[in-house]
Amino acid sequence: MKTINEMRLSVDSRSINEGFSRVAVAAFIACLDPNVEELTDIKTAVSEAVTNAIVHGYRDYQGKIYITVSLLENNIVRIKVRDKGVGIADIEKAMQPLFTTAGSERAGLGFAVMESFMDRVRVLSKPGAGTTVTLEKKIWGKNI
């Protein structure tokens, strides 16, 4: 699919940047005129992906989170949230609802939430090298 427009953002893996990341993505896709539900879905999925990078990717240290948002033809939004953290040894297991490596203070629903709000979720990861979460959703607003 052809890319119509794209933005890149890099933030420190600090919890205060989760909200900023979600709002930055929402502002960028505003040109597609998403409805409230579409916008909320995307903001929620981005929040989950960024939070996963902060909590799981960079457990004991601070690193960078890289976000790329691409507006593709046919009003498809593709969002990549990437970290260079600890990575995921077993992606299939990590994507199971209620699975978490962060102890009882986490619900283990991040990937399940992302999958429920987005049309497509892909996770690529390598232990010791980081994780990339790719989120895709069609916006039914106006064509750009």
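The model is predicted. Its five strands form an open sheet in the order β1-β2-β3-β5-β4, with antiparallel pairing. The edges of this sheet are β1 (3–12) and β4 (120–126), each of which pairs on one side only. Direction ignored, neighbouring strands of the sheet are turned by 10° against each other on average.

**Strand pairing**
- Strands of a sheet pair through backbone hydrogen bonds, in either a parallel or an antiparallel manner.
- Eight bridges join strand β3 (residues 76–83) to strand β5 (residues 130–138), and the two pair in the antiparallel sense.
- V81 stands opposite V133, a residue of β5.

**Helices on the sheet**
- Helix α1 (residues 16–29) packs on the sheet and touches β1, β2 (64–72) and β3.
- The direction of helix α1 makes about 165° with that of β1.
- Helix α2 (residues 36–57) lies across β2, β3 and β5.
- Relative to β5, helix α2 runs at about 175°.

- A89 is placed in the loop between β3 and α3 (91–94).
- A89 counts as exposed because its relative accessibility is 74%, where the cut-off for exposed is over 50%.
- A89 and P127 are 38 residues apart in sequence, while their C-alpha atoms are 5.5 Å apart in space.

How values were computed
Residues numbered from 1 in each chain as written. Predicted model: local features only at pLDDT ≥ 70, side-chain atom pairs only at ≥ 80, totals over all residues. Heavy atoms only, no water. Pairing = 2+ DSSP bridges. Helix = DSSP H or I, 4+ residues; strand = E, 2+ residues; numbered from the N terminus. Axes fitted to C-alpha atoms, helices over the stretch in contact; angles between N-to-C directions. Contact = heavy atoms within 4.5 Å. Buried < 20%, exposed > 50% of the residue type's maximum accessible area, 1.4 Å probe, protein only.
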